[in-house]
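Please look over the sequence and structure first.

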Amino acid sequence: MDIYDEVSTKMRQIATNAKNLPQVGFTSLAYHIDYKWLYEAFSETRKGGLTGVDNQTGEDYAKDLKANLVRLLEEAKSGRYKAPPVRRVYIPKGNGEKRPLGITTFEDKVLQRAVYWILEPIYEQDFYDCSYGFRRRRSQHMAVEALWSGLMKMKGAWIIDLDIRRFYDSIGWNYLCEILKLRVRDGVIVRLIGKWMNAGVMEECKGIHYPELGVQQGGVISPILSNIFLHEVLDKWFHEVVMPRLKGKAFEVRYADDAVLCFENREDAERVLNVLSKRLAKYGLELHPEKTKLVNFKRPPAGKGNFKQGNRPETFDFLGFTHYWKKSRKGNPIIGRKTSSNRLTKAIRKVYEWCRKYRHLQIGEQCKKLIIKIRGHYNYYGICGNYRSLANFFQNVKRAWYKWLKRRSNRRDLIWEKFNKLLQYYKLPQPLITHPNT
């Protein structure tokens, strides 16, 4: 039996125990983490990522791997391990704001992955099927498909388009600790998570400071901690407390902190919306007052005039797709999905900026880079019924490339006819539906 098989066997054992004992809090889990467990965690950790505050790379750590892992194991089990500060950088968001991203040290990533493998088999038995974010064999496309199928079966719904303001920055350790101890009571595991929650943050201008709230986005352990938190705060409450008290049908689809609650009756939706803010406030969370809204997404009656301007049903966005009602080929109402306008605008703007910045590269090199960008766009947005948006993106990529090739060395002689001939040699991938079943 190799190391990976041994780790997998232990994870299956944890999962079996968690499934058979759904109400039990496990007090003995850290003993599973041994040298072999840490070695496999090291093997699965990306070596070439951004470095943390110590500037140590994966290659540097591997030079004395056995000694490093033995020391890490001893410090983690004895309680002497000190979580290093997280280096914070900011990445731009689509609305002009910036999202904070925490970069941990390589050794911290290894230990976080080891603890992640302890938590995952336990909570995979508890998580509801409506949760799709950061879970194995689940994806954003599966969440979009589940939402489409549920709405079609319900013939539309009253939808609470839910947005939690600064979710990752609002998670409190005291609330998370209470939730964790419902299932995980091992002192070593809880203590390590507490150290990561309370680790300092280093920023270039501010130095090291210690926020009282928040889970650092970018950490290996962060996705499952946020899922555990929202499972208890939202999913479990909705399924066990809310749904039994509703008059009509309802369902939820959630990917990380992006969630929609769908109701057959308007009265049910309004009642839940009225108490939802109180439920979240109990755990220190707050609904975004502008982005959270109640959407009338009931199916329009079949017939002429129901899809004319001014008589269209409302729309909503979920995971980058705008959901709307349209006519099928037979003239019946059906839910369509297209790339949301802000996501499409952002993608096109990025291509224009790239073509401007790298117009000095050889045409062949530019073509290779553009092909990667185009295929990446198709791989995510290429769902059934979204061909028109893909074609729109493709045409704008060509316009961007033409514009900045023409401005390179002031080439005013590059007309569209010559550019189209160039495209016959440097071919860009045509619009493609990559997810025909979604």
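In this predicted model, the buried residues of α13 are covered by elements that include α6 (140-154), β10 (321-327), β11 (333-339), α12 (341-357), α14 (387-406) and α15 (416-425). Those buried residues of α13 are I363, Q366, C367, L370, I371, I374, H377, Y378, Y380 and Y381. An α-helix has 3.6 residues a turn, so residues three or four places apart point the same way.

The largest nonpolar core has 127 residues, and L119, L151, I189, W401 and L428 touch the most other members. The element that gives the most to this core is α5, with 11 residues. Leaving out residues up to four places away in sequence, L119 touches V184, I189, I193, I221, I224, L225 and I228.

The second largest pocket holds about 400 Å³ of space. It is lined by 17 residues, of which M11, E120, E124, R136 and R137 are the closest to its centre. Two or more lining residues come from each of α1 (3-20), α2 (35-44) and α5 (106-123). The most come from α1, with 6 residues. The table sorts the lining by class.

| Class in the pocket lining | Count |
|---|---|
| Nonpolar | 6 residues |
| Polar | 2 residues |

Key: Residues numbered from 1 in each chain as written. Predicted model: local features only at pLDDT ≥ 70, side-chain atom pairs only at ≥ 80, totals over all residues. Heavy atoms only, no water. 1 Å grid on protein atoms, 1.4 Å probe; cavity = no way out; pocket = protein on both sides within 12 Å on 5 of 7 lines; lining within 4 Å. Points joined across faces, edges and corners; volume = space filled by probe spheres on them. Helix = DSSP H or I, 4+ residues; strand = E, 2+ residues; numbered from the N terminus. Nonpolar A, V, L, I, M, F, W, Y, C, P; charged D, E, K, R; others polar. Core = buried A, V, L, I, M, F, W, Y, C linked by side-chain atoms within 4.5 Å. Buried < 20%, exposed > 50% of the residue type's maximum accessible area, 1.4 Å probe, protein only. Contact = heavy atoms within 4.5 Å.
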